[in-house]
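Subject: Structure handover

Hello,

Here is the structure I promised to pass on. Please open it first, then read the notes below.

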Amino acid sequence: NEGNEYFKEKDYGRAVAAYSEGLRRRCGDAELDAVLLTNRAAAHFHLGNYRSALNDAIQAKKLKPTHLKAIIRGALCHVELKNFVEAIAWCEEGLQIDSKEKKLVEIRAKADKSKVNMKAAWHLQCLSLWDPWREGAPSRFLCSERNIKLVLEPSDEEEEVSDGLAEISLDGFHSDSATGAKVHLDADGNLNWPVLFLYPEHEQTDFTMAFHENSRFIDHLMVMFAELPPWDSEKKYLPNNLELYFEDEEREEMYEVNPEHTLLQVLQHER
């Protein structure tokens, strides 16, 4: 299987694409689809796309409720998303199938401990999408040839360059997965960017570690919100109902994003 080969090579972006192609063929075999969804969830997980990975695990479990790999992957995603109660519930469900599954026992113990130790308030560590001083960051030329306008110098308010993370004062938000992420060039010469989604109304975040520059926002939203998130009790967060904005911190202005646009089109926004 092509997807499995890419996965073994740790080319998780191509693995996601290969598994998606397999699912698009709609062979009608529920068990095979469950395997493909679980495999795609694993690839998304390694990319840091925990919401997308969780949605795939949910779909796989619906097709095959006893599929332990899907249950383990879903539990891991809930831990990364700080949904510790849900993580424990998934572990309990899996342990009813196999009470000796070591991985589920470990995840449940971790979720139990994290739930107890979880602080009431967090500070969001917001990823800086561009850190030209970090090793491996794309060159100025790669951005200029794409007509991407980025500030390449630290602001006057900062005495020294950070390691790619900056704190902003939004109590209630947190995103550990942003740590260490960076823009990278893939084998086909395309830039992949870390992107952080904020949902201020619910003090929640989603983090996509490798958002392909030619991918549309709507395609990510369709995967991220294929299932309603547990915090959306009013069922408002449907892919086609969402309004997207990005902030120009220097100008302190918000700009609306067309979900049909690619990330590159947004990065090229004239302002």
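Helices here are DSSP runs of H or I with at least four residues, strands are E runs of at least two, and both are numbered from the N terminus.

Some ground rules. This is a predicted model, in which local features need pLDDT of at least 70, side-chain atom pairs count only at pLDDT 80 or more, and totals for chains, interfaces and linings use all residues. Residues are numbered from 1 along each chain as its sequence is written, and side-chain values use heavy atoms, with hydrogens and water left out.

**The whole protein**

The protein has 10 helices and seven strands. Of its 271 residues, 44% count as buried, meaning under 20% relative accessible area with a 1.4 Å probe, protein chains only. Take contacts (heavy atoms within 4.5 Å) between residues at least 6 apart in sequence: 58% of them join residues at least 24 apart.

**Helix α2**

Helix α2 covers residues 12-24, 13 residues in total. From first C-alpha to last it reaches 18 Å, close to the 18 Å expected at 1.5 Å a residue. That expected span is 1.5 Å times one less than the number of residues. Its buried residues are Y12, A15, V16, A18, Y19, S20, G22 and L23. They pack against α1 (2-8) and α3 (30-47).

**R51**

R51 sits in helix α4, residues 50-63. Is R51 buried or exposed? It counts as buried, because its relative accessibility is 5%. Leaving out residues up to four places away in sequence, R51 touches L81, D206, M224, P229, P230 and W231.

**The sheet**

Three strands form an open sheet in the order β3-β4-β5, with antiparallel pairing. Strands β3 (184-185) and β5 (204-212) stand at the edges with a single partner strand each, so one side of each has no neighbour in the sheet. Two strands pair if DSSP finds at least two bridges between them. Strand β4 (residues 191-199) is joined to β5 by seven bridges. L196 has F207 in β5 as its bridge partner. Helix α9 (residues 217-224) packs on the sheet and touches β4 and β5. The direction of α9 makes about 130° with that of β5. Axes are lines fitted to C-alpha atoms, for helices over the stretch in contact, and angles run from 0 to 180 degrees between N-to-C directions.

Best wishes

Key:
Buried < 20%, exposed > 50% of the residue type's maximum accessible area, 1.4 Å probe, protein only.
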